Amino acid sequence: MSETVLSLQSLTVRYGRKAACEAVSLSVERGAVYALLGRNGAGKSSLVRCLLGQQKPTSGRASLFSEDVWKRRAPLMARVGVVPEEPDAPPAMTARQLSAFCSRLYSRWDEKTMTARLSRFGVPDNVPFGRLSKGQKGEVMLALALGHGPELLVLDDPTLGLDVVARQALYEELVGELADRGTTVFLTTHDLAGFEGLATRAGILKDGRLVLDEEMETLKSRFRRIRYGNRLTETRTDFGNELDAFDAVRVKVRGWGIEAVVSNFEDGAFERFRGKDGVVDAEASALSLEEIFLAVAGEPRAEEKKGAA
């Protein structure tokens, strides 16, 4: 039976009358890679702070390894590695000094692996943290997070602001960590394309509520884009009934016909749909994780696109 490494039970966070998270419940099993997605302001940061024991939820509970993280933060965090959204370390300390400091905090600290990881990244271990590039700072934070062989790795938008080379190095390191150790990963990200191949399960937060939570394989199989013409009328808008079987999430009338994103695709139902009177040249195509996210959570605002660049 699989072990639950992380769980949230009806977790709610309020700031005055405003709810950042509302009754969020989810669980992550050992060895899984869980990607939590959401627009800016959806509640991801509040949820992560509760998960790390940095903030007490208004109600509900965050658990790591079946224990309340707010009550047992110190021993639980010894089993967790964290890469924050903004790299944060004393600017005057070098990576070598940071590693030496961490070795006094963690009984299982692996200095040799830490040094080898920095070497793979091409990050000097004798340059003050404050003088490193943002990408190098992120790589140092990842190396520090993995230095004690954590059972759970929490990544808060780890690729934000990184260049292509730094992002690729992070992906490769995570792939190696997953293959060698089976490390459980919980991440929030704007880089949906980059993590799509790594994630085994995904959740989507919308306005503080978890509106989707399922295995990636299931998610990708039930979401599709359907395109078709309809010879009954060039300006047809009463397409709702013919798409009922597919639970359309988004429908647009184009000049050439109709385009719909559906959340309940099934091959047999699609074949019956293609035979309906008036339906012409119907075709279905798979969606990327980013396309599914946009369909469920809505198009990002201009400032969100800028922040995710």
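**Strand 11 and its partners**

Within this predicted model, tyrosine 228 has isoleucine 258 of strand 13 as its bridge partner. That pairing belongs to a set of five bridges by which strand 11 is joined to strand 13, residues 258–262, and the two strands run antiparallel. Strand 11 is also joined to strand 14, residues 279–286, by six bridges, and this pair runs antiparallel as well. In strand 14, alanine 286 is the bridge partner of arginine 224.

Strand 11 itself covers residues 224–230 and is mostly covered, since six of its seven residues are buried. As background for reading such a strand, side chains in a regular strand alternate between the two faces of the sheet.

**Cysteines without disulfides**

A disulfide is a covalent bond between the sulfur atoms of two cysteines. How many disulfides does the structure hold? The structure holds zero disulfides. Cysteine 21, for instance, is in no disulfide, and the nearest cysteine sulfur, which belongs to cysteine 50, lies 6.7 Å away, whereas a disulfide would require the two sulfur atoms to be within 2.5 Å.

Cysteine 21 counts as buried because its relative accessibility is 0%. Cysteine 102 is likewise buried, with a relative accessible area of 12%, because a value under 20% counts as buried.

Most residues other than glycine have a negative phi. Serine 66 is placed in the loop between strand 4 (59–64) and strand 5 (67–68), and it counts as exposed because its relative accessibility is 60%, where the cut-off for exposed is over 50%.

Aspartate 247 is also not a glycine and has a positive phi, of about 50°. Its place is in the loop between strand 11 and strand 12 (248–253). Is aspartate 247 buried, exposed or partly exposed? With a relative accessible area of 44%, aspartate 247 is partly exposed.

**Helix 4 against helix 5**

Two packed helices are described by the angle between their axes and the distance between the axes. The axes of helix 4, residues 111–121, and helix 5, residues 134–146, come within 9 Å and cross at roughly 155°. Because angles over 145 degrees count as roughly antiparallel, helix 4 and helix 5 are roughly antiparallel to each other.

Helix 4 passes helix 5 in a right-handed crossing. On the side of helix 4, the contact is made by Met114, Arg117, Leu118 and Phe121, while helix 5 contributes Glu139, Val140, Leu142, Ala143, Leu144 and Leu146.

Conventions
Residues are numbered from 1 along each chain as its sequence is written. This is a predicted model: local features need pLDDT of at least 70, side-chain atom pairs count only at pLDDT 80 or more; totals for chains, interfaces and linings use all residues. Side-chain values use heavy atoms; hydrogens and water are left out. Buried means under 20% relative accessible area, exposed over 50%, partly exposed in between (1.4 Å probe, protein chains only). Helices (H or I, at least four residues) and strands (E, at least two) are DSSP runs, numbered from the N terminus. Two strands pair if DSSP finds at least two bridges between them. Axes are lines fitted to C-alpha atoms, for helices over the stretch in contact, and angles run from 0 to 180 degrees between N-to-C directions. Angles under 35 degrees count as roughly parallel, over 145 as roughly antiparallel, 65 to 115 as roughly perpendicular and the rest as oblique. A crossing is left-handed if the near helix is turned anticlockwise from the far one by less than a right angle, and right-handed if clockwise. Contact means heavy atoms within 4.5 Å.
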